[in-house]
Amino acid sequence: MKKTTIWLLGGVMGLSFLILLYLQVGYMRDMVSMRKHQFEESVKRGLYQVAHTLEMEETRKYLEEDMNAISNAEQSARQNIVQQVYTFPDGSSMSIQQSIQTPPPASYTQIPSLQIPRPGGNTTISERNKSLQEELLKRYIRQRALMEEVIYTMLYNSNDKPLREKMDFSLLANELTAQLQNNGISIPFHYIVTTNSGRVVGGCNCNDFNYKNQKNSYSQTLFSNGQPNRMGVLRVYFPTYRDYIYSSVRFLIPSLIFTVFLLITFIFTLIVIFRQKKLSEVKNDFINNMTHEFKTPISTISLAAQMLGDPSVAKSPQLFQHISGVIGDETKRLRFQVEKVLQMSMFERNASNLKLKDTDANELISGVVKTFTLKVESCGGKIDSKFEAENPFVLADEMHFTNVIFNLMDNAVKYRRPDDNLHLEVCTWNESGRLYVSISDNGIGIGKDDLKRIFEKFYRVHTGNLHDVKGFGLGLAYVRRVIQDHGGTIRADSELGVGTRFVISLPLVKD
């Protein structure tokens with residue numbers, strides 16, 4: 001599958017997951033907002049009903065007291081009858097009798113009796129009725145004004161009481177609980193009653209309720225028709241407000257978590273796909289490199305074998321010996337390449353057995369330098385060695401450690417600059433109880449992107465379709481694995497066009 005196709009599928013799937021997450025989060029946000037709005041409306045309705053009930057109860061109590069006082073005062077009064085005579089312009093008259101007595105029961109209403117005299121003179125009945133209606137209307141308006149004044153005086157006197165005397169906190173608590181439950185709210189709450197100035201009048205015994213610092217508190221004015229200094233404020237706080245609000249979306253949390261888990265799994269799967277694709281490309285490069293590595297010695301051995309079949313070669317012992325030597329060298333080259341692959345495979349299976357012993361690193365590295373000097377000088381270069389380590393003894397496997405130094409120096413020769421003579425420098429020194437080995441060159445260098453991956457198995461710096469530098473991409477992976485199994489570390493510093501430096505750190509042998 002092409003890389004573009006993988007990116008396209010990954011983008012579509014990722015976008016689908018993100019849209020799904022966005023819809024779920026948006027739905028949860030809308031549900032929480034709607035829940036908050038419903039909760040606020042229910043609380044406001046409940047508090048309004050509580051305030052209305054308290055005002056009606058206070059008015060009822062005052063009216064009962066006032067009516068009882070009036071009833072007691074009038075019980076001693078005797079019944080009186082008042083008769084009023086109305087004279088009309090034509091000289092006729094009409095007598096109206098009204099009885100005044102103690103207040104009758106609430107279910108009984110006394111209607112004043114009217115005595116209408118017989119008509120006389122020239123006055124018509126319609127004119128008398130009209131005059132009578134006008135007189136009754138005036139009397140009704142006057143009595144209504146008196147009644148309104150009486151009611152206003154009663155209410156004013158009722159609201160003139162101090163807030164503490166008007167409050168019945170047992171009634172408030174019961175009414176508050178009932179009204180909130182009627183509006184669908186049955187969670188715990190704290191309440192407090194204060195004056196307009198903020199002075200606390202009473203409330204529940206809740207030490208953790210500080211209404212000035214609570215965000216989720218609601219307030220309602222009490223006795224709003226009275227004097228401003230006699231009004232109160234009812235404040236209610238719900239300590240489990242957040243739990244109540246978010247309880248409506250708890251069932252969506254597992255779905256959201258599952259969606260996030262699927263998104264993470266998809267991302268991980270996508271990463272694995274790209275890694276597998278990259279590994280497939282690296283293995284293909286490895287096969288191509290191995291084909292080129294094996295092609296040259298096989299061709300040389302095949303050509304040498306054909307030459308040995310020539311009768312003239314058999315007659316020349318020197319030529320026969322030379323051809324035999326070529327076959328032997330190419331066979332060793334093939335064996336070395338195969339062993340390198342096998343060694344790396346053994347290291348991957350943790351099947352390598354290092355034969356560690358006290359080793360003088362200065363002496364071992366010096367031997368490799370002497371062996372490698374001829375190869376460097378044949379390329380027009382030189383090797384400088386500085387063995388400054390006063391304590392060069394480490395626990396090492398001589399064969400594998402020698403291969404490490406050889407691979408690093410061989411890379412310096414392979415990746416030298418064609419326009420400049422190779423300059424290879426090998427140094428050792430002690431620092432912080434460890435042995436440090438440095439191998440630096442003035443070659444082509446390594447880019448930053450490639451520098452991060454040079455120790456990966458099968459990885460090689462891309463040079464297009466050119467195969468002028470032989471190798472499988474296993475050398476540096478082998479080097480790092482050997483150094484790690486020796487308890488050491490290795491790092492690379494490089495710059496394009498300047499050169500590369502490898503630094504190895506190994507623990508010293510303890511006394």
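Student: Why is helix 12 described as largely enclosed by the rest of the structure?

Tutor: In this predicted model, helix 12 is called largely enclosed because 8 of its 11 residues are buried. A residue counts as buried when its relative accessible area is under 20%, and in helix 12 (residues 475–485) that label goes to G475, L476, A477, Y478, V479, R481, V482 and I483.

Student: Which residues make the contact between helix 10 and helix 12, and how do you know how the two helices are placed?

Tutor: Two packed helices are described by the angle between their axes and the distance between the axes. For helix 10 and helix 12, the axes come within 10 Å and cross at roughly 145°, and the crossing is left-handed. On the helix 10 side the contact is made by H400, F401, N403, V404, N407, L408 and N411, while helix 12 brings G475, L476, Y478, V479, V482 and I483. Sorted by class, these residues are 8 nonpolar and 5 polar, with no charged ones.

Student: What does helix 9 meet in helix 10, and at what angle do they pack?

Tutor: Helix 9 (residues 361–378) packs against helix 10 (residues 398–414) at about 35°, with the axes 10 Å apart, and this crossing is right-handed. From helix 9 the contact uses L364, I365, V368, V369, F372, K375 and V376, which meet E398, F401, T402, I405, F406, M409, D410 and V413 of helix 10. The classes here are 11 nonpolar, 1 polar and 3 charged.

Student: Is M31 buried or exposed, and how do you know?

Tutor: M31 lies in helix 1 (residues 3–74), and its relative accessible area is 15%. The cut-off for buried is under 20%, so M31, at 15%, is called buried. Leaving aside residues up to four places away in sequence, M31 touches S248, V249, F251 and L252. The C-alpha atoms of M31 and Y246 are 8.8 Å apart, although the two residues are 215 apart in sequence.

Student: Is S432 buried or exposed, and what makes it so?

Tutor: S432 sits in the loop between strand 11 (423–431) and strand 12, and its relative accessible area is 70%. Exposed means over 50%, so S432 at 70% is called exposed. Its backbone also deserves a note, as phi of S432 is near 55°, a positive value in a residue other than glycine.

Student: How do you know where the predictor's confidence is lowest and where it is highest?

Tutor: Mean pLDDT is lowest in strand 3 (residues 114–115), at 44, and highest in strand 12 (residues 434–440), at 93. Across the chain the mean is 76, and 75% of residues reach 70 or more. Over residues 98–119 pLDDT stays under 50, and the model has 38 contacts there beyond four places in sequence. Over residues 76–82 pLDDT likewise stays under 50, with 14 such contacts.

Notes:
Residues are numbered from 1 along each chain as its sequence is written. This is a predicted model: local features need pLDDT of at least 70, side-chain atom pairs count only at pLDDT 80 or more; totals for chains, interfaces and linings use all residues. Side-chain values use heavy atoms; hydrogens and water are left out. Axes are lines fitted to C-alpha atoms, for helices over the stretch in contact, and angles run from 0 to 180 degrees between N-to-C directions. Helices (H or I, at least four residues) and strands (E, at least two) are DSSP runs, numbered from the N terminus. A crossing is left-handed if the near helix is turned anticlockwise from the far one by less than a right angle, and right-handed if clockwise. Contact means heavy atoms within 4.5 Å. Ala, Val, Leu, Ile, Met, Phe, Trp, Tyr, Cys and Pro count as nonpolar, Asp, Glu, Lys and Arg as charged, and the others, Gly among them, as polar. pLDDT is the predictor's confidence in each residue, from 0 to 100. Buried means under 20% relative accessible area, exposed over 50%, partly exposed in between (1.4 Å probe, protein chains only).
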